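Colleague: I'd like to learn how to read a model like this one, feature by feature. Could you walk me through it?

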Amino acid sequence: MARPTDTLSLLKDISNGVLTQISYQSRDDEGTQSPTETLNRRRGSCRDFAVLLAEAARRLGFGARIVSGYLSDPEMSLVGSVGSGSTHAWVEIFVPGAGWIAFDPTNRSVGSQNLIPVAVGRDIHHIAPVSGSYSGGRGAHSDLAVGVAVQLAKNDHAAAMEEWTDRPSGSRS
């Protein structure tokens, strides 16, 4: 008898399969493809990947939400990155006993490293990280620039633990 697949391995395989089977294509135009369009076209943006993965997880009975935010990638080594502060979309899937886990099918990653969430929702149309409009006269110029700087918090737990373990054993409290 075959061993059952554990939940996390199944979800990782599905997430990794998105980029394996579908080509990433950056798109500046508004809107998101349906999962069927993404599968038929065999290409899509991070938004399209997120919508496809969320729908696949829901079909298996998992709770899934789409997250919109920024990708922190100073080395510019991740797919879809144009430096620190690139807008990005990914999925969080509820795994019983573990809670919400981030899956980034665009970069084949699990966990929230390099991901800065701004908005979370069931439908990607409700979670644009930046939206709005501008009206002006002819020749009016509109420009938007986003910069994201990620810094380690002063009270970061890992730093505090390192500091604690560096103390002489008699002074630890």
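Modeller: We'll go from the overall fold to the helices and then to single residues.

Modeller: First, the ground rules: this is a predicted model, where local features need pLDDT of at least 70 and side-chain atom pairs count only at pLDDT 80 or more, while totals for chains, interfaces and linings use all residues. Residues are numbered from 1 along each chain as its sequence is written, and side-chain values use heavy atoms, with hydrogens and water left out.

Colleague: How many helices and strands does the protein have?

Modeller: Helices (H or I, at least four residues) and strands (E, at least two) are DSSP runs numbered from the N terminus. By that count the protein has four helices and seven strands, and from the N terminus on the order is α-β-α-β-α-β-β-β-β-β-α.

Colleague: What share of the residues count as buried?

Modeller: Buried means under 20% relative accessible area, exposed means over 50%, and partly exposed lies in between, using a 1.4 Å probe and protein chains only. Of the 173 residues, 32% count as buried. As for contacts (heavy atoms within 4.5 Å), take those between residues at least 6 apart in sequence: 51% of them join residues at least 24 apart.

Colleague: Which residues of helix 1 are buried?

Modeller: An α-helix has 3.6 residues a turn, so residues three or four places apart point the same way. In helix 1 the buried ones are Leu 11, Ser 15 and Val 18. They cover an arc of only 45° around the axis, which puts them on the same side of helix 1; that arc is taken from the directions from the helix axis to the C-beta atoms. Their cover includes helix 3 (46-59), strand 4 (86-95) and strand 5 (99-104).

Colleague: And what reaches the backbone at the start of helix 1?

Modeller: There, a side-chain oxygen of Asp 6 comes to within 3.4 Å of the backbone nitrogen of Leu 8.

Colleague: At what angle do helix 1 and helix 3 pack?

Modeller: Two packed helices are described by the angle between their axes and the distance between the axes. Axes here are lines fitted to C-alpha atoms, for helices over the stretch in contact, with angles from 0 to 180 degrees between N-to-C directions. Helix 1 and helix 3 pack at about 145°, with axes 10 Å apart. Ile 14, Ser 15, Val 18 and Leu 19 of helix 1 make the contact with Phe 49, Leu 52, Leu 53 and Ala 56 of helix 3.

Colleague: Is helix 3 mostly covered or mostly open?

Modeller: Mostly covered: 11 of its 14 residues are buried, including Phe 49, Leu 52 and Leu 53.

Colleague: Where do we find a positive phi in a residue other than glycine?

Modeller: Most residues other than glycine have a negative phi, and most peptide bonds are trans. Arg 108 has a phi near 50°; its place is the loop between strand 5 and strand 6 (109-110), and it is partly exposed at 44%. Asn 114 also has a positive phi, about 75°, and lies in the loop between strand 6 and strand 7 (115-121).

Colleague: What joins the side chains of Arg 108 and Thr 20?

Modeller: A polar contact of 2.8 Å. The term means a pair of N or O atoms within 3.5 Å; within protein, one must be able to donate a hydrogen and the other to accept it, and residues adjacent in sequence count only if both atoms are side-chain atoms.
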